[in-house]
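The following paragraphs lead the reader through a structure, from individual side chains to the contact between chains.

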Amino acid sequence: MTPGEAGAARDNFHPGGRPGDDLIVPKGVDIAQPPSAYEIGADRLFRRCTLAVAWLTVILVFCVIFSITRQAMPSIRTYGLGFLSGTAWDSNRAQFGILPAIVGTLYSSILGLAIGTVFGLAIAIFLSEGFLSAGLDSAFSFLRLSEYSWLNSLPGRIENLLKITVELLAAIPSVVYGLWGIFVVIPFVRPPANWLHSHLGWIPFFSTGLSGPGLLPASIVLAIMVLPTISAISRDALVAVPPKLREAAFGMGATRWEAILAIFVPTAATGIFGAVILGFGRALGETMALAMLAGNANIISWSLFSPANTLAALLANHFPEADKIEVGALMYVALVLLAITLVVNIIGTVILQRAEAGLQGLR
Amino acid sequence: MRIARNLLLPVALLLIGVGYMTCGSSIEARSGLGVALAADAITLQGTGATFPAPLYQKWFTEYNKAHPDVQINYQALGSGAGVKQFQQNLVDFGASDAAMTDAEMAAVKDGVVLLPMTAGAIVLAYNIPDGPSELKLSREAYVGIFLGKITQWNDPAIAKANPGVKLPDTKISVVVRSDGSGTTFVFTSHLSAISDAWKSGPGAGKSVNFPAAVAGKGNPGVTALIKETPGAIGYVEYGYAVQTRMPMAVLQNKSGKYVKADLATGKDALASVELPANLRAWITDPTGPGVYPIVTYTWLLCYRKYKDPKTAATLKSVIQYGLTQGQSFSVDLGYIPLPAKVVDAVTRALQQIS
């Protein structure tokens with residue numbers, strides 16, 4: 001609170017008695033008073049509580065890392081770094097390797113993120129740059145409906161509706177996405193995928209056919225799952241581009257596309273990039289839909305249509321039935337997943353800070 | 001303002017408390033422990049195999065209808081989880097498709113009684129577009145398919161057993177279980193018993209390293225993948241294949257005969273094996289001309305001694321119900337009813353529980 005606001009708040013505060021009793025204050029009487037001991041105490045307590053709770057979350061993260069590491073320790077000792085480069089997961093023979101799962105996790109996340117970013121950014125631009133109202137305005141004037149004033153609020157409402165609909169995608173449980181992927185996405189992408197394989201099979205990305213589950217359907221579903229995150233945050237970033245900048249861009253005679261692509265998107269790049277990093281985090285950790293769609297096969301392939309495995313799906317599939325040795329190995333997997341997520345977030349933050357520093361002069 | 005201020009302290013304390021608890025709880029305690037006990041009602045807690053779960057649930061609801069004061073919670077978390085939680089004394093009974101080994105049983109200090117409650121067959125369900133209504137698979141053929149050596153449906157090894165049947169030039173997609181499971185154990189034990197290449201290769205276990213396969217979670221996951229993948233073949237429980245109306249391959253048994261999976265051939269397979277005194281038998285490759293080759297019992301795991309005599313009495317009564325009236329639900333749900341002499345043997349074994 002600024003001093004001015006605090007004063008205003010105290011003016012509206014009537015200690016004791018009915019409101020209105022003390023509206024007329026005699027001249028020379030100061031109703032401002034220093035905060036009571038109770039208020040000071042409560043203020044301090046509040047500050048300490050928030051501090052404690054804030055630290056608690058940090059401690060919680062370390063607790064999680066600590067307990068995972070502790071349980072992973074035996075298998076880290078046994079398998080060492082060979083664990084990261086091994087390709088077979090065979091609990092019968094206590095052989096564990098997770099290279100295919102690491103590759104599959106990164107491959108599916110990056111592919112899903114690429115698709116999701118293209119569509120998410122497009123949605124964000126469409127919803128923030130007044131495309132809808134421009135289109136509807138010309139339609140109204142063509143139909144000579146411009147004098148009906150209630151129509152003027154229509155584009156805004158439709159934009160809001162679209163925005164809510166996209167955000168609603170985030171509320172769908174991932175099991176439902178998985179089922180939808182099996183019964184809708186896979187049959188839908190199978191014919192074009194197999195056509196590509198039979199005609200352009202020499203390209204590594206098309207080197208296998210798509211029979212059922214595989215990387216492509218998994219990535220498509222993943223893209224839809226990260227879409228709300230990317231579009232909502234990117235839209236907020238675009239809306240926050242300073243009006244001065246907008247006016248200046250158009251004032252200099254930039255066309256709408258020049259303004260959007262050369263001025264607005266670069267200005268909002270920090271926010272957009274943040275959205276992408278958040279989406280990446282979500283994609284890396286996504287479990288259920290990928291366990292249902294990626295095929296859970298320990299295969300490393302360039303092909304978009306090959307079945308694959310991911311770290312999170314490996315954990316979900318093997319945990320319930322794992323014996324002691326395998327639980328240790330799975331904890332190692334969890335640690336690797338945690339490390340990958342951490343590295344991605346750190347890289348993201350660093351790039352974000354650099355981008356922000358570059359744009360400092362604009363604000 | 002004032003209300004918010006007064007609420008602040010309790011809320012903050014609560015958050016701190018929750019934080020402590022979350023932080024302190026370790027992974028060993030992740031099992032689902034049951035509903036709070038009502039005053040005089042008896043609640044039995046069980047965990048285990050997913051395969052017999054539909055039948056057990058049916059028994060337990062029917063039993064609850066007849067005895068409203070008895071509530072039985074069965075969590076189908078899988079055979080491995082069933083054995084593990086049983087060993088840790090977290091449940092009143094466990095259930096598993098793979099009977100406990102001697103070493104596992106020795107670790108339980110209250111003693112173990114293994115009771116086969118029902119039996120099932122494992123079938124190879126397939127999806128061949130415009131394919132034959134009946135597909136015969138020789139032992140070499142289905143071992144070869146799961147080893148990844150036979151990759152096309154029109155492979156000579158498959159065609160030889162199916163004279164006059166037109167097989168498409170489609171790639172075979174092998175579908176297996178992604179999670180550890182008793183079904184996988186029974187199926188891979190059978191493959192190990194009939195093929196040295198399998199025994200020295202992937203081997204037998206609740207989860208093995210299948211060469212060249214895609215994997216789905218649980219019987220439903222495998223079923224969905226087979227149905228949605230042209231050219232797929234996978235192993236599922238007979239009951240699931242019947243309910244989802246998937247075509248099942250006719251398999252060659254030890255005598256060289258091709259046998260369809262149904263209740264009669266499954267029952268013959270069970271009858272071909274004599275149960276020992278501890279009621280534990282692994283039927284990896286039954287003998288007889290008309291037997292279906294891949295069948296298994298599924299076991300309830302009970303302690304020999306219960307602290308509360310009431311728990312023991314109730315459990316015995318529930319199991320008795322399952323052995324008698326309960327067996328009549330088996331056929332509808334796709335399970336093989338126990339042969340009469342097995343029911344007698346289990347009833348006798350039930351007396352060991354106290």
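This is a predicted model: local features need pLDDT of at least 70, side-chain atom pairs count only at pLDDT 80 or more; totals for chains, interfaces and linings use all residues.

Cys302(B) has a relative accessible area of 0% and is therefore buried (under 20% relative accessible area; exposed is over 50% and partly exposed in between, with a 1.4 Å probe and protein chains only). Cys49(A) also counts as buried, at 14% relative accessibility.

Residues are numbered from 1 along each chain as its sequence is written, chains are lettered from A and ligands numbered from 1 in the order in which they are written, and side-chain values use heavy atoms, without hydrogens and water.

Thr223(B) belongs to helix H9 of chain B, residues 218-228 (helices, H or I of at least four residues, and strands, E of at least two, are DSSP runs numbered from the N terminus). With a relative accessible area of 4%, Thr223(B) is buried. Leaving aside residues up to four places away in sequence, Thr223(B) touches Val236(B), Tyr240(B), Thr244(B) and Met246(B), where contact means heavy atoms within 4.5 Å.

Between the chains, 45 residues of chain B are in contact with 38 residues of chain A. Across this interface the rule finds 0 salt bridges (a side-chain nitrogen of Lys or Arg within 4 Å of a carboxyl oxygen of Asp or Glu). H1(B) supplies 10 residues, the largest share of the side of chain B that touches chain A.
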